Amino acid sequence: MAHPQFQAAHLVLIALVVARGALAVDQSDLDFIPELTERQQFSPDFFIFKFQNADTTTPFGSLRTMFVNNNPALATLPGEGAAQNLVTLGPCGINQPHNHPRATEISHVTEGKLLFGFAEENGGRSFIGGNVTKGQTVIIPQGLIHFAQNLDCKEAQFIATFPNRDPGTQTTASTFFNLPLSTIRGTTGLSDEQIKKIQASVAANRNPSVDRECAKRCGLKY
Ligand SMILES: *[C@@H]1O[C@H](CO)[C@@H](O)[C@H](O)[C@H]1NC(C)=O
């Protein structure tokens, strides 16, 4: 155990170092990312991110992510950093229910109209949502299952921004229906035959997918 007098001296020393640091600000330092080595510093090559490559494209829409895996500049940001998605949904397209384990989402609609919604944790409300039009922004709390659905007959688009360089995504239906058969059987009370039918349907409906009732209403031949 440290001697009390030694402890007191130690505290005074720390206070002096902190006070001196606060006074002596070196303007030439990259203060906002002091922990980085030169090699890790923000690369100008990643300054303009063009979303030119869609990570996922189906006939019903596309998801373009700017996560740390495809823009390494994000790895150099201070704190938790940031990330962004550009989501395009064709007529009747849906960005399937999913959650982001490490970030709240702030989504701004740039085109069309979308039904956004999320479900609160157990004991909370099962659906909070509404139609969001071009120029409006929605906030989705971290970790909660949510979706965006285009119920209109024309294209819609939104930009999702995350206060985390690696928000992560977990798609609800495909995650659940890929669990062990015994787990799904025990949870749903369905037979193996019924489960396999749903599994095949979920696998065939790659995200973004479509609402066929809406497609019929819009006269689309999907
Ligand atoms: C959103 O708009 C659609 C029509 O595009 C309508 O059917 C639906 O009831 C609306 N939902 C909510 C929650 O307002």
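Is Asn207 buried or exposed? Asn207 is buried, with a relative accessible area of 15%; buried means under 20% relative accessible area, exposed over 50%, and partly exposed in between, using a 1.4 Å probe and protein chains only.

This is a predicted model, in which local features need pLDDT of at least 70, side-chain atom pairs count only at pLDDT 80 or more, and totals for chains, interfaces and linings use all residues. Residues are numbered from 1 along each chain as its sequence is written, and side-chain values use heavy atoms, with hydrogens and water left out.

**Overall structure**

The protein has 222 residues, and buried residues make up 31% of them. Its secondary structure comes to 5 helices and 12 strands; these are DSSP runs numbered from the N terminus, with helices (H or I) of at least four residues and strands (E) of at least two. Among contacts with a separation of 6 or more, 73% are between residues 24 or more positions apart, where contact means heavy atoms within 4.5 Å. The accessible surface is about 13900 Å², and carbon and sulfur atoms account for 57% of it. Accessible areas come from the Shrake-Rupley method with a 1.4 Å probe, and for residues only the protein chains shown count as cover.

**Asn207**

Asn207 sits in the loop between helix 4 and strand 12 (209–210). A polar atom of the Asn207 side chain is 2.7 Å from the backbone nitrogen of Gln96. This falls under the term polar contact (a pair of N or O atoms within 3.5 Å; within protein, one must be able to donate a hydrogen and the other to accept it, and residues adjacent in sequence count only if both atoms are side-chain atoms). Leaving out residues up to four places away in sequence, Asn207 touches Thr56, Thr58, Leu63, Ile94, Asn95 and Gln96.

**Ile195**

Helix 4 (residues 192–204) contains Ile195, which is buried at a relative accessible area of 0%. Apart from neighbours within four places in sequence, its contacts are Leu181, Ile184, Arg185, Thr188 and Leu190. The C-alpha atoms of Ile195 and Leu181 are 7.9 Å apart, and the two residues are separated by 14 residues along the chain.

**Aromatic pairs**

The whole structure holds 5 aromatic pairs. Rings of Phe, Tyr and Trp (its six-membered ring) pair if their centres lie within 6.5 Å; planes under 30 degrees apart count as stacked, over 60 as edge-to-face and the rest as tilted. Two of the pairs are tabulated here.

| Pair | Centre to centre | Between planes | Class |
|---|---|---|---|
| Phe67 and Phe162 | 6.0 Å | 75° | edge-to-face |
| Phe116 and Phe158 | 5.0 Å | 75° | edge-to-face |

Phe67 is buried at 10% relative accessible area, and Phe162 is buried at 1%. The pair of Phe116 and Phe158 also links distant parts of the chain, joining strand 6 (residues 113–118) to strand 10 across 42 residues. Phe116 is buried at 3% and Phe158 at 1%.

**Ligand**

Lys113, Leu115 and Asn131 surround the ligand; a residue is near a molecule if one of its heavy atoms lies within 4 Å of it. An oxygen atom of the ligand is 3.2 Å from a polar side-chain atom of Lys113. An N or O atom in the Asn131 side chain lies 2.4 Å from an oxygen atom of the ligand. On its own the ligand has 370 Å² of accessible area, and the protein covers 48% of that.
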